[in-house]
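Please look through the structure below before reading on. The paragraphs after it move from the whole chain to single residues.

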Amino acid sequence: MDHSEHVDSTELQEITPEAVPSLLKLVSTNRVAGFDSITEGETSVLSKPIDTSQANGHQRKLSISISMPSSPTAGTKSVFSVDDKAKSFNNEIPDSSVASGIATLGKKEPKGVKFLSQPMPKGSVFVEPPPHIKKLKDKRFDSFKTWSGKLERKLSHLRGRPRISESEEEEEESVRNSENNEAPPVDRYFDALQGPELETLRPSEEIVLPDDKTWPFLLRFPVSSFGICLGVSSQAIMWKALATASSTKFLHINLTINLILWWISVALVAIVSSIYLLKTILYFEAVRREYYHPIRVNFFFAPWIALLFLALGVPPSVASKLPVALWYVLMTPIFCLELKIYGQWMSGGQRRLSKVANPSNHLSIVGNFVGALLGPSMGLKEGPIFFFAVGLAHYTVLFVTLYQRLPTNETLPKELHPVFFLFVAAPSVASMAWANIQGSFDYGSRIAYFIALFLYFSLAVRVNFFRGFKFSLAWWAYTFPMTGAAIATMRYSSAVTNVVTQTLSLALSIVATLTVTALLFSTILHAFVLRDLFPNDIAIAISDRKPKPHRKWFNLGNGSSDHSRDIEMFLKFANADSKDIEAALKIPNAEATSV
């Protein structure tokens with residue numbers, strides 16, 4: 001033992017200060033071949049032992065082996081091993097840290113010292129999902145879901161949810177806040193939306209759903225889609241009338257067309273109803289917002305009117321007589337909706353008729369006359385008269401209100417011009433309903449029919465009124481009023497049979513059929529090929545918070561009330577005659593004196 005220590009001390013004394021490399025010499029060792037380099041096929045950083053005997057005469061070899069993991073997530077551990085027979089040298093000087101570590105171990109040295117380390121990847125351990133997966137997990141639509149994502153969050157907490165980013169935390173916080181909010185009150189619809197149909201967002205407003213992406217299909221599927229069912233099912237009634245009316249016997253129309261159209265109507269009603277029922281189940285908040293919308297609420301009559309049309313157009317081969325209970329089942333929801341709508345019209349407030357009057361309100365009127373038309377064919381009398389009287393009273397008030405245009409005194413945009421044809425629907429169906437109640441097409445029925453015919457012609461001659469705008473679901477408003485006018489004309493032609501009435505019946509039937517066929521193909525094209533039939537429904541996504549008020553621009557420069565009054569007077573009389581403008585621009589006496 002003493003002899004080995006003596007040999008070590010002798011070797012250290014042989015090392016002169018001149019043999020110690022300088023700093024520049026140390027840096028240049030990076031250029032030594034095989035130093036701190038990795039070649040292909042090697043599994044360690046330094047797998048070949050470095051012979052240090054040539055530098056200092058030492059006979060021991062230093063062997064270092066480092067094993068790196070293949071990936072950050074792999075289970076391989078990094079091992080740094082030092083040979084038990086080697087010493088660590090730094091610039092040919094023994095490393096004090098290694099020496100102290102060996103001294104603490106005593107005479108019994110371990111076979112090898114291993115340093116285990118687990119490398120940590122940069123950033124979060126959880127990899128961010130791809131864009132298409134992140135789109136499916138977009139939580140900004142949770143506020144419109146029926147369960148609002150609450151059950152999903154509870155299950156995530158129970159199974160141990162991974163850490164989420166700050167942006168996702170803020171997104172979830174906004175979702176939780178929106179879940180606690182009730183549906184916007186009716187005055188918010190008028191404040192946030194503009195246009196007669198209240199479907200255009202005001203520039204100063206924001207929506208609660210993202211406007212930078214396309215929403216899920218169910219959120220974009222409006223209740224107004226039931227207009228398609230109204231158009232096609234009314235065609236089944238018309239072709240049944242063409243085949244059975246006495247004034248059109250010369251056409252020899254087969255009831256097979258009525259049978260085909262009726263089954264197509266049944267399929268359409270089933271498809272549209274199923275989609276909207278699925279929307280009600282998954283996105284109940286969207287349906288509730290449509291129900292509270294002062295204009296959209298009228299379209300909730302459309303499903304029940306479509307079912308009444310199916311009952312009126314049922315082919316004789318399917319059912320020769322319908323059960324009386326069916327009439328009560330179909331008219332009960334219409335009666336309940338009328339109690340709400342008509343009560344709001346009469347009671348006042350934001351939903352008073354002078355505020356919400358729109359051609360779409362005719363849908364809440366037509367249901368009364370369709371029920372009065374179906375009832376007598378089932379042997380009913382008092383019920384149809386009741387609904388006819390209710391519909392007649394409210395149609396008179398609505399007709400006068402719409403003619404005066406009290407709500408906004410503004411014209412409808414071009415995209416909504418077809419809605420004007422709803423003016424024709426109510427008197428056309430009312431004339432046939434009274435004829436069924438009375439038993440003949442008497443003077444009361446003829447008065448209602450002539451009103452409908454005049455409104456039809458007054459709209460038909462305005463060709464420029466209905467062209468030059470983009471296709472939308474509003475075009476289906478053409479269909480069942482035109483079909484109703486054609487059916488009423490056939491009933492009138494049966495009472496007053498001549499060439500003019502028969503020709504008019506045939507002409508109106510052809511126009512109605514061509515219109516429905518063209519719209520059906522256009523709807524299929526835009527829905528399945530162009531895929532632009534259902535845009536984002538902005539009307540149901542308004543926020544319940546009012547925007548911050550802005551100060552008037554002309555009062556920011558100075559606080560003088562005189563300047564404010566002068567500019568207000570100028571803006572008030574800007575479109576008036578020159579005398580009023582000069583009066584508005586006249587400088588006050590006090591200011592003229594100061595000048």
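This is a predicted model: local features need pLDDT of at least 70, side-chain atom pairs count only at pLDDT 80 or more; totals for chains, interfaces and linings use all residues.

The expected span of a helix is 1.5 Å times one less than its number of residues. The same rule applies to α20, where 17 residues should span 24 Å. The end C-alpha atoms of α20 are 25 Å apart, which again agrees.

Now consider the protein as a whole. The protein has 24 helices and seven strands. Of its 595 residues, 37% count as buried. Its accessible surface comes to about 35,100 Å², and 61% of that surface belongs to carbon and sulfur atoms. Among contacts between residues at least 6 apart in sequence, 74% join residues at least 24 apart.

The buried residues of α21 are Thr501, Ser505, Leu508, Ser509, Ala512, Thr513, Thr515, Val516, Leu519, Thr523 and His526. What covers these buried residues? The cover includes α10 (226-244), α19 (443-460) and α20 (479-495). Helix α20 is itself mostly covered, with 14 of its 17 residues buried.

Both ends of α21 have a feature to note. Just after α21 comes arginine 531, with a positive phi of about 55 degrees. Most residues other than glycine have a negative phi. Arginine 531 is found in the loop between α21 and α22 (561-572). Is arginine 531 buried or exposed? Its relative accessible area is 68%, and exposed means over 50%, so arginine 531 is exposed.

Histidine 252 also has a positive phi, near 55 degrees, in a residue other than glycine. Histidine 252 lies in the loop between α10 and α11. With a relative accessible area of 70%, histidine 252 is exposed.

Helix α10, one of the helices that cover α21, contains serine 234. Buried means under 20% relative accessible area, and serine 234 has 4%, so serine 234 is buried. Which residues does serine 234 touch, not counting residues up to four places away in sequence? The residues are Phe309, Phe480, Thr483 and Ile487.

Next come the charged side chains. Side chains of opposite charge can pair when their charged atoms come close. How many salt bridges does a search of the whole structure find? The search finds six. In one of them, arginine 188 pairs with glutamate 205, and the closest N and O atoms are 2.9 Å apart. This pair links distant parts of the chain: arginine 188 belongs to helix α8 (residues 186-192), while glutamate 205 sits in the loop between β7 (200-201) and α9 (217-220), 17 residues apart. Both arginine 188 and glutamate 205 are buried. For arginine 188 the relative accessibility is 3%, under the 20% cut-off, which means that arginine 188 counts as buried. The side chain of arginine 188 has a further neighbour, as one of its polar atoms lies 2.9 Å from the backbone oxygen of serine 543.

Glutamate 290 takes part in a salt bridge with lysine 279, with the closest N and O atoms 3.2 Å apart. Here too the pair links distant parts of the chain, with glutamate 290 in helix α12 (residues 284-292) and lysine 279 in helix α11, 11 residues apart. Both of these residues, glutamate 290 and lysine 279, are buried. Glutamate 290 also forms a salt bridge with arginine 296, where the closest N and O atoms are 2.8 Å apart. Arginine 296 is buried, as is glutamate 290. Through shared partners, salt bridges join Lys279, Glu290, Arg296 and Asp537 into one network.

The last stop is on the surface. Trp147, Leu277, Leu278, Ile281 and Leu282 form a nonpolar patch there, with about 490 Å² of accessible area together. One of these residues, leucine 277, is in helix α11 (residues 255-282). Leucine 277 is exposed, because its relative accessible area of 52% is over the 50% cut-off.

How values were computed:
Residues are numbered from 1 along each chain as its sequence is written. Side-chain values use heavy atoms; hydrogens and water are left out. Buried means under 20% relative accessible area, exposed over 50%, partly exposed in between (1.4 Å probe, protein chains only). Helices (H or I, at least four residues) and strands (E, at least two) are DSSP runs, numbered from the N terminus. Contact means heavy atoms within 4.5 Å. Patches are made of residues with over 30% relative accessible area and no salt bridge: like charges are joined within 9 Å, nonpolar side chains (Val, Leu, Ile, Met, Phe, Trp, Tyr) within 5 Å. Accessible areas come from the Shrake-Rupley method with a 1.4 Å probe; for residues, only the protein chains shown count as cover. A salt bridge is a side-chain nitrogen of Lys or Arg within 4 Å of a carboxyl oxygen of Asp or Glu. A polar contact is a pair of N or O atoms within 3.5 Å; within protein, one must be able to donate a hydrogen and the other to accept it, and residues adjacent in sequence count only if both atoms are side-chain atoms.
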